[in-house]
Amino acid sequence: MELIEAIILAVLAASTPLLLAATGELVTERAGVLNLGVEGMMIVGAACGFGGAWLTGSIIIGALCGIVAGTLLSLVFALMTLGLAVNQVATGLALTILGIGLSGLIGAGFVGERITPAPHLHLPVLTDIPLVGRILFGEDAFVYLSLALVVAVWLFLYRTRAGLVLRAVGDNHVSAHALGYPVLKIRMFAVMFGGACAGLAGAYLPLAYTPFFIPGMTAGRGWIALALVVFASWRPGRLVVGAYLFGAVTILQLHAQGWGVGIPSQFMSALPYLATVIVLVLISRARTGGSTAPAALGTVFVPDR
Amino acid sequence: MRKILIAATAVMLTAGASMFGASAAEKLKVGFIYLGPVGDFGWTYQHDLARQALVKEFGDKIETTYLENVSEGPDAERSIEQLVRAGNKLIFTTSFGYMDPTLKVAKKYPNVHFEHATGFKRDKNMSIYNGRFYEGRYIQGVIAGKMSKSGVLGYIGSFPIPEVVMGINATILGAQTVNPNIKVKIIWANTWFDPGKEADAAKALLDQGADVIMQHTDSPAAMQIASERGKLAFGQDSEMIKFGPNTQLTSIMDNWAPYYIDRVKAELDGKWTSEDTWGGLKSKMVVMAPYTNMPDDVKKLAMDTEAAIIDGKLLPFKCPVVGQDGKEVECKGGTHLDDGQVLGMNFYVKGIDDKIPGK
């Protein structure tokens with residue numbers, strides 16, 4: 001029983017950065033912008049998040065630093081793709097390369113330092129409930145924040161007028177523009193939200209997961225987040241399924257190796273990717289059948305003046 | 001916008017050219033290719049420490065350049081060639097995956113000398129060098145065997161290649177000398193560097209009852225997790241005690257400085273020849289971090305083991321080495337497995353209850 005609890009706790013921690021980054025990217029893409037720079041924004045968020053926490057001793061300030069850093073980097077992307085109408089794919093890739101270099105520079109001063117990680121919650125009574133207490137109320141606050149964020153994004157996209165407008169911009173920017181909606185402004189806010197989430201996701205790594213900063217520590221999680229958005233067919237609910245499934249299989253395959261199941265580890269390492277892709281594709285096919293991508297995703301919009 | 005870009009590129013190119021072109025003629029230029037960032041606190045960090053030692057030793061007689069984050073494969077060839085074109089006469093390529101690219105460039109430029117770490121292909125102008133890290137692993141095994149209360153060790157592997165397999169075997173052979181029933185759980189991360197995944201692997205091993213963690217991956221994440229849980233662990237590549245002051249037992253440290261100084265000196269004296277170096281504790285290419293967080297008797301045992309290996313009295317792969325199938329492994333080195341057998345090791349010794357993945 002204790003082992004199952006330990007596994008679930010590890011899954012929660014492993015899935016959280018993916019979920020955070022993917023949620024932000026989902027909103028960005030729903031507005032019709034493809035920002036491939038998630039990995040870059042994450043790693044800069046990790047460097048700044050750690051730096052902030054290390055200098056001030058406060059995890060919250062660290063998280064804020066990560067959010068601000070991610071947002072600033074996403075503004076560079078917004079300036080290029082929205083302001084100058086540069087190709088989004090190329091700019092996104094460049095943003096990743098920039099972010100990786102920049103994070104090394106920012107982090108050079110505190111490589112090898114360590115901080116006290118974000119505390120695990122301890123709510124009186126609730127956390128002590130047997131079996132589920134530690135899982136539902138005993139992880140660090142980021143875990144629950146990320147889930148609340150998904151709910152908020154879902155409410156925003158499907159239950160508010162602003163969300164409807166954002167989706168309209170992502171599906172047909174010409175019509176939205178003709179109706180008088182400020183397409184570029186809306187897209188800029190969507191890109192900034194994506195940057196903030198990626199920055200927070202990156203900051204989660206050194207603040208809660210492995211409390212130190214090392215260049216390259218995101219190790220491709222930004223790319224996984226990007227893929228999750230696609231396989232979740234741009235829907236927040238499926239994103240949660242995808243992120244947790246990926247996290248769960250990642251942790252379970254490690255345990256399976258420890259138990260000596262006898263399946264080659266190379267296959268086991270590929271399993272999270274396989275399982276997530278297969279499950280999400282099956283869900284999408286069963287429910288909708290066909291592509292649900294925002295129709296204007298990745299296309300440049302230049303308003304005629 | 002385009003004009004600005006072109007101007008910026010031009011400025012960068014001129015700056016680059018003058019950087020490469022501005023040195024004095026007599027200075028020996030020494031180049032380095034690194035796999036990770038110099039601040040990885042592991043493999044690349046140690047190579048860069050050695051580069052800094054070179055600068056300290058030879059001062060303005062040499063000039064060093066390094067390229068970091070060079071991925072293994074075609075990109076490496078381009079980077080190595082870039083160093084050649086910049087006038088470097090001695091080039092260290094510091095990861096296994098640079099082997100073929102280095103060889104290719106070496107054939108193209110016979111007047112430049114190359115030093116490739118951890119590979120097995122040599123040429124007239126290409127030396128190879130590596131550390132006998134398994135000697136350190138054997139000592140770690142002895143310590144772990146003594147320190148483990150559960151009798152289960154947790155081992156995080158990177159890839160199932162001989163270098164890693166020989167480390168696992170050496171650890172178990174060492175541990176068996178003090179606890180014949182020692183068990184090891186092995187988890188392959190299938191990456192050299194992913195702090196998050198390494199931490200997850202460490203958590204899984206501890207959750208499954210291991211109480212001493214050892215790793216063949218590059219970040220201090222596992223050490224950190226062991227420290228959080230109040231368990232014990234060994235560092236990797238460099239001193240990691242900062243990440244686990246009450247956790248680190250010791251660490252196998254790569255000490256390339258003496259070798260690099262030797263080779264640069266040879267180059268300066270015009271005596272450089274292609275060589276195959278496999279240095280261990282004796283030549284100080286492999287150094288053990290201070291033995292900490294263990295009782296005095298274990299510490300003494302560790303130091304005695306280290307001394308015995310240095311004196312050549314103790315050989316980690318002394319015959320008979322028994323494989324998992326219970327059969328003795330052919331003893332090609334007379335009293336011990338020869339270097340070829342160790343370098344190509346693709347079997348587990350008896351006592352490891354697992355299979356090498358893919359075999």
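Where does A:Ala85 lie in chain A? I looked this up in a predicted model. I found A:Ala85 in the loop between α3 (59-83) and α4 (88-107) of chain A.

**Entry on A:Ala85.** I read its phi as near 55 degrees, a positive value in a residue other than glycine. I noted this because most residues other than glycine have a negative phi. I then checked exposure: A:Ala85 counts as exposed because it has 12 C-beta neighbours inside 10 Å, and the cut-off for an exposed residue is 12 or fewer.

**Entry on A:Val125.** I found a positive phi here too, about 65 degrees, although A:Val125 is not a glycine. I placed A:Val125 in the loop between α4 and α5 (133-137) of chain A. Is A:Val125 buried or exposed? I count A:Val125 as exposed, since 8 C-beta neighbours lie inside 10 Å.

I turned to chain B and recorded a cis peptide bond between B:Cys319 and B:Pro320, with omega about 0 degrees. I located B:Pro320 in the loop between α10 (296-311) and α11 (339-343) of chain B.

**Entry on the contact between the chains.** I looked up how the contact is made up and found 32 residues from chain B and 32 residues from chain A. By class, I recorded 15 nonpolar, seven polar and 10 charged residues on the side of chain B that touches chain A.

Definitions and conventions: Residues numbered from 1 in each chain as written. Chains lettered and ligands numbered in written order. Predicted model: local features only at pLDDT ≥ 70, side-chain atom pairs only at ≥ 80, totals over all residues. Contact = placed C-beta atoms within 7 Å. Nonpolar A, V, L, I, M, F, W, Y, C, P; charged D, E, K, R; others polar. Helix = DSSP H or I, 4+ residues; strand = E, 2+ residues; numbered from the N terminus. Buried ≥ 20, exposed ≤ 12 C-beta atoms within 10 Å, placed from the backbone.
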